[in-house]
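Here is a friendly briefing to read alongside the model. Keep the viewer open and look up each residue as it comes up.

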Amino acid sequence: MEFVNLAKTCRTLYDKDYLDNMKKLDILKRHPMIKFDNLYDYFHIVNRFQLNIKQHIQRLVDDSHIFENMIENIEWLNDDIIFIKHLQKFLKKELMKITNHKYSKWCGETVITTVNSIKGALKGLGMTTDVNKNNVRDMIICIVFSTYSTNDNHQPILDKISFLKCFNCKKFSNQVVDFGELICLNCSKTVHP
Ligand SMILES: [Zn+2]
């Protein structure tokens, strides 16, 4: 009888372990994990991303033909509009660069969500005010930056996929605290309680 119970417990533990591993694998498949040795490297990558995005968007709105075509279709922007095509293309290119060209599916899906937000925001802008190159440029930059790199309340996407090495346990974590040395959230409870 006891043996049966033990076997049952083992089975439950085994199943739980198995499920946990599957979950981990699933997360790894879906979410990129980019490792950085230090904060400097991380900020360097984020700054470069922001700079490239700004340049791409400026170039896009400066192309009058493409911009006018977008304005004409602002009420119904689909993926065939050249402006949207370019937006998708350079966003994916920048995301692929950051994730070392290993997560094409994730980059594609993430970009679609971002571009959908931008399409909606452009339509809203068109309903409320005169649309011009400056407000389109600034609005798109704000959406991309707040989604990917700067957000006070929730981890933006680039934070979520960036893992830094904990000085204490030497493991990579995507939530570290800077105590002069980077300490992961787990260790910070024991090292600096
Ligand atoms: Zn640690």
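With 10 C-beta neighbours inside 10 Å, H101 counts as exposed; a residue is exposed if 12 or fewer other C-beta atoms lie within 10 Å of its own, buried if there are 20 or more, and partly exposed in between, with C-beta atoms placed from the backbone. H101 sits in the loop between α4 and α5. This is a predicted model, in which local features need pLDDT of at least 70 and side-chain atom pairs count only at pLDDT 80 or more, while totals for chains, interfaces and linings use all residues. Residues are numbered from 1 along each chain as its sequence is written.

**The loop between α4 and α5**
- Phi of H101 is near 60°, a positive value in a residue other than glycine.
- N100 is found in the loop between α4 and α5 as well, and N100 has a positive phi of about 55° although it is not a glycine.
- For background, most residues other than glycine have a negative phi.
- Is N100 buried or exposed? N100 counts as exposed, because it has 10 C-beta neighbours inside 10 Å.

**The whole chain**
- The protein chain has eight helices and five strands; these are DSSP runs numbered from the N terminus, with helices being H or I of at least four residues and strands being E of at least two.
- Reading from the N terminus, the order of elements is α-β-α-α-α-α-α-α-β-β-β-β-α.
- The protein chain has 193 residues, and 18% of them count as buried.
- Among contacts between residues at least 6 apart in sequence, 47% join residues at least 24 apart; two residues are in contact if their C-beta atoms, placed from the backbone, lie within 7 Å.

- Helix α5 has 25 residues and reaches 36 Å from its first C-alpha to its last. That is close to the 36 Å expected at 1.5 Å a residue, where the expected span is 1.5 Å times one less than the number of residues.
- The buried residues of α5 are C107, T110, V111, T114, V115, I118 and L122. They pack against α4, α6 (133-148) and α7 (157-161).
- How are two packed helices described? The angle between their axes and the distance between the axes are used.
- The axes of α4 (residues 82-98) and α5 (residues 104-128) come within 9 Å and cross at roughly 140°. Axes here are lines fitted to C-alpha atoms, for helices over the stretch in contact, and angles run from 0 to 180 degrees between N-to-C directions.
- α4 and α5 are therefore oblique to each other; angles under 35 degrees count as roughly parallel, over 145 as roughly antiparallel, 65 to 115 as roughly perpendicular and the rest as oblique.
- The contact of α4 with α5 divides into nine nonpolar, five polar and two charged residues. Ala, Val, Leu, Ile, Met, Phe, Trp, Tyr, Cys and Pro count as nonpolar, Asp, Glu, Lys and Arg as charged, and the others, Gly among them, as polar.

**Helix α6 and its partners**
- α5 and α6 pack at an angle of about 145°, with their axes 10 Å apart, and the crossing is right-handed.
- Among the residues making this contact are I118, A121 and L122 of α5 and V136, I140 and I143 of α6. By class, the contact of α5 with α6 has nine nonpolar, four polar and no charged residues.
- The axes of α2 and α6 come within 10 Å and cross at roughly 150°. α2 and α6 are therefore roughly antiparallel to each other.
- In α2, Y42, I57 and L60 are buried.

**A residue between two strands**
- N174 lies in the loop between β3 (172-173) and β4 (176-179).
- N174 is partly exposed, with 17 other C-beta atoms within 10 Å.
- Leaving out residues up to four places away in sequence, N174 touches D159, K160, S162 and F163.
- N174 and L164 are ten residues apart in sequence, and 6.2 Å apart in space from C-alpha to C-alpha.

Terms used. A crossing is left-handed if the near helix is turned anticlockwise from the far one by less than a right angle, and right-handed if clockwise.
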